[in-house]
Structures are given as C-alpha cells and as structure tokens.
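This report goes through one structure part by part. Keep the sequence and the 3D view open while reading.

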There are 2 protein chains.
Amino acid sequence: MEVVFFLRKQNKLAIIPLGGLGEIGKNMTVIRYGSDLVVLDCGLAFPDDDMLGIDLVIPDMTYLVENQDKIRSVVITHGHEDHIGALSYFLRQFPEVPVYGTRLAMGLAEGRLKENRVEKTSLHVIEPGDELVFGKIRVGFIQTSHSIPDAVALYFKTPLGTIVHTGDFKIDYSPVDGKTLDFNKFSQLGDEGVLALMADSTNAESPGFTKSESTVTEALAKAFDGAQGRILLATFASNVSRIQQAVDVACRYGRKIAIVGRSMVNVVNISMELGYLKVPEGKIIDIDEINRYPANQILILTTGSQGEPMAGLSRMSRREHRKIQIQVGDRVIFSASPIPGNEKSVSKTIDALLRLGADVIHERSAGIHVSGHARQEELRLILSLVRPKYLIPVHGEYRMLMCHGKLAEEWGMAKENIFIGENGQTFEFSREEGEVKGALGPVVTSGKVFIDGLGVGDVGNIVLRDRQMLSQDGVFIVVIVMEKSTGKVIAGPDMVSRGFIYVRESGKLMDEAKKVIQQALDKCEAKEVTEWAVIKSSVRDALSKFIYGKTHRRPIILPIIQEV
Amino acid sequence: MEVVFFLRKQNKLAIIPLGGLGEIGKNMTVIRYGSDLVVLDCGLAFPDDDMLGIDLVIPDMTYLVENQDKIRSVVITHGHEDHIGALSYFLRQFPEVPVYGTRLAMGLAEGRLKENRVEKTSLHVIEPGDELVFGKIRVGFIQTSHSIPDAVALYFKTPLGTIVHTGDFKIDYSPVDGKTLDFNKFSQLGDEGVLALMADSTNAESPGFTKSESTVTEALAKAFDGAQGRILLATFASNVSRIQQAVDVACRYGRKIAIVGRSMVNVVNISMELGYLKVPEGKIIDIDEINRYPANQILILTTGSQGEPMAGLSRMSRREHRKIQIQVGDRVIFSASPIPGNEKSVSKTIDALLRLGADVIHERSAGIHVSGHARQEELRLILSLVRPKYLIPVHGEYRMLMCHGKLAEEWGMAKENIFIGENGQTFEFSREEGEVKGALGPVVTSGKVFIDGLGVGDVGNIVLRDRQMLSQDGVFIVVIVMEKSTGKVIAGPDMVSRGFIYVRESGKLMDEAKKVIQQALDKCEAKEVTEWAVIKSSVRDALSKFIYGKTHRRPIILPIIQEV
C-alpha cells in the first residue's frame with residue numbers, strides 16, 4: 001500500500017517560462033520538481049511604445065511569492081540586462097535566495113545591485129563545468145558563446161529526467177575570448193538521455209549560420225581605414241566582445257579611446273577589473289582629454305546605437321551633448337543592428353549626424369555587426385547533439401517559436417513532442433506507465449510589472465489607458481463652485497485645458513464651450529438636481545458632444561465641483 | 001540700355017521641395033519661373049510616433065499663399081495618398097487652381113475630394129505624352145512604372161532649361177498593366193539637354209534592380225498552393241497592381257473575392273470603374289456572403305498589412321472585427337513589407353494571427369512583395385538617359401539623398417552639381433556669363449501642418465509638448481476656493497489626477513500631498529500673499545518637489561483658484 005501511495009505521490013517536473021515582454025521566457029523561467037524550485041535568469045525588458053511613461057518592465061513574481069518556501073536559487077545564464085536586470089527587485093522580495101552565475105555575470109549583477117542600493121545579497125561565482133545540488137535538482141553550467149563573454153547554458157537533472165536550456169547562444173568557432181561552446185558536454189548529455197531541450201529561438205527564422213563575432217574585427221578595421229577625423233563607434237554597452245574588438249582595432253590604428261555613456265563606462269570598468277576586457281595601459285583617456293590629441297588619434301566609444309533619445313550618440317546628433325560636438329569629418333560607426341521597433345529612431349539619428357557633416361557607416365552588409373544568436377543550422381546542430389525527447393522553443397516572439405518548432409519537425413521530432421506556449425504556461429512531465437511524458441499543465445499568474453520612477457507595479461491598465469487618452473487629445477477641466485445651503489452655482493464655470501487645443505488662439509471655441517456648460521447647469525437647476533454625480537455627468541456629456549462636434553476630438557473631460 | 005535692363009531682369013528658375021515628413025519633397029514640390037508657379041503633387045503623410053493624437057500631416061502652404069497670384073496649376077505624378085491626399089486642403093484654399101493628372105490619379109483624387117466634401121474643383125485628365133503650357137513653363141507627362149498604374153514622370157521646359165522629375169518610379173520591363181517606362185522620351189529629353197534631374201531616392205541605398213511587379217504573380221500562386229482554408233491577403237489599398245495580381249491568382253484557384261476595409265473598397269471600386277482593375281463578372285462577393293462558400297473558395301482582400309491598429313486585419317487579429325473571425329486553417333498572406341517604424345506592430349499582428357491558429361506567410365524572401373521604387377542600377381540608367389547637368393535627389397530621408405548623390409558622383413557628375421537639401425530650400429538657376437548655373441537660393445517657409453480631427457494647424461508644438469508630458473506622467477489638478485473679501489481659502493484644496501497613479505490605491509500619498517499643499521497655502525497666508533500667480537506657483541513648486549521625491553514622476557500640475 002505504501003509503495004502505491006508513494007507512486008501516486010510521484011512528483012511532477014514543471015517548467016514555466018515566467019517573464020519576457022513579447023519574447024517568451026526571455027527574462028525568467030522556473031524549473032520546479034516537487035518542492036524544489038530553481039529560477040533561471042532574472043531580467044528586465046524595455047517598454048513597448050504603448051506603455052506610456054513606463055521606464056522598465058519586470059516579470060510578475062506572484063508565482064514565486066506563492067511558492068517562496070520552495071525557491072532554492074537563482075541561476076544566471078549571462079550578464080545582459082534582460083537576464084540580470086530584475087535581480088534588485090527579486091532580491092528585495094527574496095533577500096535570502098542565493099544567486100549563481102559566471103564571474104562576469106555576477107560582476108555586472110553586483111554593479112547593478114549597488115546602484116540600486118540592494119545590499120546583503122548572496123552572489124556566487126561558478127565556473128562552466130560546475131554542478132550544484134538544490135534539493136532534488138542538480139544544476140550544471142555549460143560553456144557557450146554569445147555576444148558577451150562567460151555565457152553558459154544550463155542543465156537540470158531531476159528524478160524524472162534532464163532538462164537542457166541553451167540560454168542566449170550562438171555557435172562561434174572563433175569567439176573573441178577564445179572560449180568555444182562545450183560541444184562535448186551537450187553531446188554527453190545527449191548520450192545520457194535528455195527529456196526536454198529549451199532553446200533560443202531569436203534567429204529561428206534565419207537560415208544558415210550566424211557569423212563568428214571575431215569576423216567583426218576586420219570589418220571594423222576596414223571602417224577605420226582612411227578616416228581623417230575622429231571615429232565614434234556606437235554599440236550595446238553590454239556587448240563586451242564588441243568593445244574588445246573596437247579597442248583592438250583602435251590600438252592598431254594608434255587611436256586613444258574615450259568612453260561615453262554611463263552604462264558603457266560601467267560595463268567597461270567592471271569588465272576590465274575582472275579581466276574580461278583587455279586594454280593596454282594608457283589607451284583609455286578621459287572624455288575631457290580628447291581635444292589634446294589630433295582628431296585622427298581618437299576613438300569615442302558610445303551608447304546610442306538604437307537611437308535611444310537620452311543616449312550619448314543621440315544627444316550628440318541633436319547637439320545636446322555636454323562634452324562632444326559632432327564636427328565635419330567625424331566618422332560614426334553603428335556597430336549594432338536596430339532592434340525591431342527602433343528602426344525609425346536609428347534612421348533619425350543617422351540623418352541628423354549626416355546633416356552635421358559626419359560620415360556614417362551603418363549597413364549590416366559592411367559586416368560591422370553580427371548577431372549573438374544561433375540561426376537555423378546551429379539550432380539543428382544543438383538538436384542533433386542533445387537529441388531531446390521534447391523541445392520547448394523559448395526566447396523569441398510567438399512566430400519565431402513556431403518556426404523553431406517546424407524546424408524540429410523537419411529534423412525528425414514528433415509534432416506532439418514540441419511544446420509552444422506562452423509565459424505562465426506550465427509544461428509538466430510525469431511518469432506514466434513507466435515512461436516520462438510531457439503535457440500542458442496549469443497556467444500560472446504571469447505578466448508584466450511596470451516600473452515607473454520609483455513605483456513598482458503601481459501603474460496598471462487604468463493609468464495607462466488614461467495616459468493613452470491624454471496623449472491623444474489632452475484634458476479639459478471645468479471647475480464650478482456651489483453654495484452648500486442653496487445648491488446654486490456661485491462661481492465658474494471656469495475652464496482649463498492642456499494638450500487639447502491652443503487656448504489663446506481658440507477664444508471663440510472656449511466662449512461657446514462656456515455657454516454649453518452654463519446651459520447644462522441651468523437645466524440641472526431647473527430640474528432641481530443637486531447630486532454632484534448627476535451634475536458632473538450632465539456637464540461632461542454636453543461638453544463632450546459639443547467638443548466632438550466642433551473638433552472631432554475627445555479630450556478627457558473632468559468636471560470638478562467645489563462647495564462652500 | 002533696354003536690352004541690358006532686360007538681361008538684368010532675367011527671371012530665375014526656382015525649384016523648392018516643399019513638403020514631406022522626413023522624406024524631402026515627397027508630398028509637394030514647387031517649380032517657379034518668374035511669375036509662373038506650378039505645384040508638383042499635393043500629398044499627405046502619416047504622423048510619426050511623437051506626433052501624439054495627430055491624424056495626418058500636410059505640407060505648410062505659406063509659400064503658396066504668399067505667391068497665390070502666380071500659381072498656374074497642380075500637376076500630379078500618380079494616385080497615391082502621399083501625392084494627392086492634401087488636395088482637399090489645397091483646393092479649399094485655392095479653389096480656382098486647375099489640377100492635372102492621369103485618369104486613375106484624377107479618379108482617386110475625385111473620390112477623396114467627394115469624401116471631404118470639396119466640390120466645384122477643376123480636375124483634368126491628361127495622357128502620358130501630353131504637354132501643357134502654364135505661362136513660361138511647358139509641362140510634359142512621361143509614362144513610368146510604379147506600384148500603381150498610370151504613374152508619370154514630368155518635365156518642365158523653361159527659358160532657362162528643362163527640369164525632369166521622375167516621380168515615384170521603378171523600371172519595370174514587364175509591368176502588370178503592360179505599360180513600360182517611356183525610355184525614348186527620357187532619352188530624347190537628354191539629347192535636347194536637361195538642366196536638372198530630380199529623382200526618387202527611396203531605394204538609393206539598395207544595390208541592383210528592383211524586381212518586376214509581375215514576378216509577384218507566381219510567388220502569390222505558390223503562397224495559394226495547398227491552402228485548405230480561406231486565404232486572407234493584406235496589402236496597401238492603393239497598390240492596384242498588386243490587387244490585380246491577387247485577383248488573377250484567386251481566379252486561377254477558383255476563389256471568390258471579398259474586399260474588407262473602407263480604403264480598399266474605395267480604391268477597388270474606382271479602379272474597376274475606370275478600367276484599371278479587371279475582375280471577371282461574379283468574382284467579387286459581399287463580405288456577408290463568404291459563409292455561403294467552402295473555405296477553400298474564398299479570398300479576402302484586406303487592409304492592415306502595416307499592423308495599423310484600426311485596419312481590417314489588425315481588428316481580426318484581436319478578434320474585434322465585426323464580420324470576420326480568424327479560424328484555424330486560414331492562411332494569411334502579407335503582400336507588403338513593413339514601412340520603417342511599423343515593424344513592431346506588424347510583428348504583433350502576425351503573432352496574434354498565429355495564436356488564433358492561422359498560417360501566416362510574410363517573408364520578403366517568399367517574393368510576395370516587391371518595392372515600387374528604383375534601386376541603384378535603375379537610378380544609373382535614368383541618369384544615363386537624361387544626362388542632366390545638375391542632380392537634385394528627392395523622395396527619401398537625408399541619408400538616402402546622400403547615397404543617391406554619391407552614386408551620381410561615381411557615375412561621373414561633378415560634386416558641386418549635386419544639390420542635397422531640405423524641404424523649404426530653394427534651388428535657383430540663372431544665366432551667368434551665358435551659362436545657366438545652379439546655386440542654393442533662399443530658404444522659404446515650409447514644414448508640417450498637423451491635422452487633428454477637424455482642426456488644420458491648430459495643434460502646434462505647445463499642445464504636442466503638453467500631450468507628450470501628459471502621456472508620460474499624467475496630470476495632477478489642485479482646486480482651491482478663496483474668499484474675495486478676505487483672500488482666505490474657504491474650500492479645498494481638492495485634488496484630481498489622471499494618468500499619474502491609481503488614486504484608490506494611493507491614499508497615503510494623496511493625504512501627504514494634501515498636507516504639502518496646505519503648508520504651501522499657509523505660508524502664503526502668513527506672508528499675506530494674495531496674487532494668484534504667486535499662490536499657484538508656490539503650490540505647484542511644493543507639490544512638484546514632493547511628488548518627484550516620492551515617485552520620481554513629473555505629472556503636469558495644475559493649481560486652479562476659484563474666487564467667491
């Protein structure tokens with residue numbers, strides 16, 4: 001009887017992509033077996049255009065709060081913001097949970113935690129090849145390559161089988177730091193048997209192989225060639241491998257290097273300190289020193305490759321940078337592709353730089369940027385090494401996951417063994433008739449938590465909807481003072497508007513609006529209406545109709561009644 | 001003496017790109033010789049993301065108002081909105097000015113004018129090959145190819161020389177309507193001598209040739225192949241050639257055609273009426289009839305290829321379309337590339353359709369879309385046919401114009417004969433020492449006029465800046481009632497906010513804010529301040545500081561004082 005009971009109580013293995021904006025499982029994933037829960041990555045996303053006024057987006061951690069007694073650790077795949085950037089929010093809530101990652105990832109995480117004044121955390125540095133035991137889950141770290149050094153894939157050995165998660169990866173046979181993906185480990189896990197593979201789908205729509213990061217060196221050298229003036233190179237602050245290549249090429253061409261942009265300075269400092277970025281002595285100069293050197297001995301490394309309005313290069317393009325003025329003869333190299341959604345702001349930045357007389361190199365065809373993510377042939381190779389029973393495509397929009405799934409089908413996997421889901425979808429594995437089978441499990445709370453200024457989650461859909469309406473047609477405020485004893489209007493209606501129309505040039509409309517309000521008030525008085533709610537809604541309706549008729553606009557109308 | 005005087009009074013020839021959002025000269029160009037002025041195109045643009053609440057953008061017509069006695073005509077290159085869409089605004093201001101264009105362009109223009117209730121206009125249909133005389137300017141129309149039938153290039157013969165303007169064009173050796181570009185006319189003008197060429201730079205960054213529009217037919221057929229369910233095809237409503245191909249393929253596959261989307265229905269009706277779109281009898285069915293046919297006998301032609309939130313396909317993807325529900329097995333074909341800036345909304349639409357179980361074909365590699373604009377080899381060919389003395393690259397962002405300029409230099413044109421400018425920049429030609437020379441002339445008023453609802457130009461930078469601020473952090477209103485006789489506060493402060501914070505969950509913050517306001521008021525009272533402006537600014541400053549300290553947000557703060 002007890003054996004039967006034990007079998008019935010057989011724990012399930014659950015995998016839940018829990019966070020990612022548009023991209024599934026990008027920022028956070030949960031691996032749970034019975035009462036042991038490991039969190040994989042803890043990152044943030046940058047808001048979409050329709051999330052007005054929002055600064056950052058982090059995963060909804062409700063599921064973690066509900067299961068906080070089970071959380072054994074956070075394991076980090078690499079040091080990019082979308083994988084470590086929510087740690088300060090997580091650790092404020094779960095300060096006891098230990099965090100594990102490679103040296104560079106932990107170095108960068110520590111920097112960000114300090115900035116956010118989150119202290120007394122327990123960050124642990126691991127090496128690729130290490131294994132850690134968290135209850136019934138054994139976690140191992142596998143060396144991979146990406147656009148930042150020290151990236152790892154992870155495996156999770158559980159009583160029901162092994163899960164492999166690639167993290168963000170590409171197969172780079174000549175990475176800048178010389179550390180290639182650990183093919184043997186993937187293959188060895190495949191030999192032992194892998195229950196499910198979770199793999200990066202970012203480039204699943206792109207055929208072929210992603211080029212090696214180190215191919216960028218020569219393309220950059222070519223872009224440096226013949227430049228008579230200063231060179232400004234914009235890339236992701238976090239792309240440490242790219243920065244290394246820019247530094248190497250600058251040294252080759254006898255240029256000193258100045259770094260611009262808070263995030264770029266931070267990453268460079270931490271990477272140098274930890275030995276991941278190698279810069280010869282005396283090569284880096286302060287931004288205030290650049291005018292001491294001839295223009296053709298200067299490289300300025302800067303942020304703003306995405307046209308982000310507040311980043312270094314964007315400010316320069318608008319002539320708003322405190323320290324650097326673009327001058328005729330400057331050469332600007334965009335060593336990054338626009339992330340979808342940023343195309344237009346990148347275009348505007350390029351146009352503005354050209355207008356100031358700079359020479360701009362930005363084409364992808366110039367080879368000055370390569371992706372950090374695996375394309376189709378690389379995905380096939382990983383599938384072939386790992387030979388999983390199930391595939392859970394992750395990291396990418398829904399259509400990329402679908403594409404990854406189709407690729408796996410072509411590769412030979414049964415369609416029913418490919419799980420495509422959303423954030424919050426549990427993928428459950430359990431033993432049935434001696435075999436471990438996967439199935440869709442319950443959907444748990446997941447979603448986006450908005451960070452706006454100091455507020456975490458205090459801006460929700462109602463506030464966003466108001467911001468949306470305000471952004472389109474502004475606000476129109478009507479103030480009335482009523483006498484408490486008589487219920488009569490004794491002052492007003494006065495009107496104030498913002499974002500609706502330029503009032504000084506719209507005197508007639510405002511005069512008419514005042515009449516419309518007065519008529520609505522008169523009607524209420526005639527009917528002896530005294531409930532504020534009714535008066536307000538009469539004013540709002542009359543005014544709304546009038547304004548729409550005259551302008552075809554729908555500002556938010558706010559009638560305010562004061563009583564004396 | 002009189003001869004000298006006449007020579008001194010020699011008229012200048014001026015070319016002014018006058019309208020275009022980001023793209024120079026896209027929506028409107030002015031050609032002026034002495035007191036004769038011809039307007040080339042009269043189009044509108046769709047607002048950028050930062051033009052909050054704006055519906056449309058038209059060119060600033062101040063220059064035309066200042067020179068209205070000189071305006072002889074408007075000549076139209078083709079029937080796309082960015083070339084005819086501002087006619088209703090133009091003709092309200094200048095109702096007497098005649099408009100000339102090809103039959104389809106005039107048909108589409110007439111439709112739009114009727115919608116906008118602009119009547120009594122004088123639209124004239126011309127044929128390619130026609131020449132018209134407007135004072136000292138002789139205007140000719142040259143057949144070209146683009147993504148809409150009946151597109152023309154223009155030449156302007158003036159006493160100082162001939163100007164050629166390509167309009168939007170590509171070189172299509174097998175256009176859908178069989179009408180190829182009139183190579184001979186370009187060449188003949190070149191033989192006679194062309195002073196300046198204005199040429200489409202949209203694809204100046206792309207090497208090679210743009211493929212023929214007719215190559216899309218077979219790609220579409222391939223996309224139709226094997227579809228078991230309905231097919232939905234999204235493209236630009238104005239791409240009449242594409243619609244023709246979709247119709248042809250639908251007929252081949254025995255599918256009836258339903259049209260969805262107001263603009264698509266309009267263009268299809270006008271094009272069929274004028275004979276530019278040929279559809280066999282009985283092939284087009286009403287949207288309400290689609291359920292009478294098996295799914296595999298249906299093609300739905302729809303708008304929404306750019307992910308525009310209110311367009312047909314986007315509504316369907318959100319399950320918000322009144323008539324059409326996406327069902328498993330539907331195949332959706334995006335026969336259009338995302339215009340820069342629309343990538344993300346297109347992605348979202350695709351993801352949403354996939355989630356509903358549709359099959360989506362969208363890759364450019366599938367050949368289901370080709371551009372309507374000339375690439376580098378085509379630009380070289382036109383240069384070689386026309387052999388102009390000067391080149392003014394137009395239609396495109398600044399960097400595309402630069403690229404076009406470089407191409408012309410490589411082709412053999414002297415750098416000083418290539419004019420790259422902005423909207424409002426006059427390019428002036430005059431005779432000097434017997435030779436006609438070009439130079440930069442004065443900059444005239446140009447710019448964007450915003451259409452918001454019924455308002456034309458009543459939303460300016462102040463209103464937009466307010467909308468921007470409102471969109472980020474909302475509005476916070478403080479109302480106070482003061483007694484006139486004593487200057488004392490007798491009611492309030494009351495607070496109302498929108499888009500700032502969810503007030504019901506922020507009771508404590510609001511209570512504290514009230515105290516802060518009260519303190520500011522008390523201070524004013526203690527100092528016996530009675531000027532409203534001073535009181536308001538005290539309240540605003542104190543509240544702003546408090547709110548920023550607590551939330552790091554900056555809502556617009558509006559103190560309102562009522563006096564009784």
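Two residues are in contact if their C-beta atoms, placed from the backbone, lie within 7 Å. With that cut-off, B:A234 touches B:T302, B:T303, B:G304, B:S305, B:L313, B:F334, B:S335 and B:A336, leaving out residues up to four places away in sequence.

## The model and its confidence

The structure is a predicted model. Its scores are ipTM 0.87 and pTM 0.90. For chain A the average pLDDT is 93, and 98% of the residues reach at least 70.

## Domains of chain A

Chain A has three parts: domain 1 (11-208 + 371-451), domain 2 (215-366) and domain 3 (461-563). Taken over C-alpha atoms, the centres of domain 1 and domain 2 of chain A are 32 Å apart.

Where these two domains of chain A meet, 14 residues of domain 1 are in contact with 14 residues of domain 2. On the domain 1 side, helix α5 (residues 103-115) of chain A gives the most, with five residues. That side of domain 1 of chain A is made up of five nonpolar, four polar and five charged residues.

## How the two chains are related

The contact between the chains involves 56 residues of chain A and 56 residues of chain B. Elements of chain A that give two or more residues to its side are α11 (343-355), α13 (398-411), α14 (461-473), β24 (475-482), β25 (489-498) and β26 (556-563). Of the elements, α14(A) gives the most, with eight residues. By class, the side of chain A that touches chain B holds 24 nonpolar, 15 polar and 17 charged residues.

## A helix with buried residues

Which residues of helix α12 (residues 376-386) of chain A are buried? They are A:Q376, A:E378, A:L379, A:I382, A:L383, A:L385 and A:V386. An α-helix has 3.6 residues a turn, so residues three or four places apart point the same way.

The cover over the buried residues of α12(A) includes β11 (161-165), α6 (183-192), β12 (194-200), β19 (388-394) and α13 of chain A. Just after α12(A), A:R387 has a positive phi of about 45°.

## The core and two residues of chain B

In soluble globular proteins, nonpolar side chains tend to be buried together. The largest nonpolar core here has 345 residues, and A:L154, A:L301, B:V57 and B:L301 have the most contacts inside it. Beyond its neighbours within four places in sequence, B:V57 is in contact with B:L21, B:L44, B:A45, B:P47, B:M51, B:K448, B:V449, B:F450 and B:I451.

B:A234 lies in strand β13 (residues 231-234) of chain B. Is B:A234 buried or exposed? B:A234 counts as buried because it has 30 C-beta neighbours inside 10 Å. Between the C-alpha atoms of B:A234 and B:E397, which are 163 residues apart along the chain, the separation is 26 Å.

Note on methods: Residues numbered from 1 in each chain as written. Chains lettered and ligands numbered in written order. Predicted model: local features only at pLDDT ≥ 70, side-chain atom pairs only at ≥ 80, totals over all residues. Domains from an automatic or database assignment. Helix = DSSP H or I, 4+ residues; strand = E, 2+ residues; numbered from the N terminus. Nonpolar A, V, L, I, M, F, W, Y, C, P; charged D, E, K, R; others polar. Buried ≥ 20, exposed ≤ 12 C-beta atoms within 10 Å, placed from the backbone. pLDDT = per-residue confidence, 0-100. Core = buried A, V, L, I, M, F, W, Y, C linked by C-beta atoms within 7 Å.
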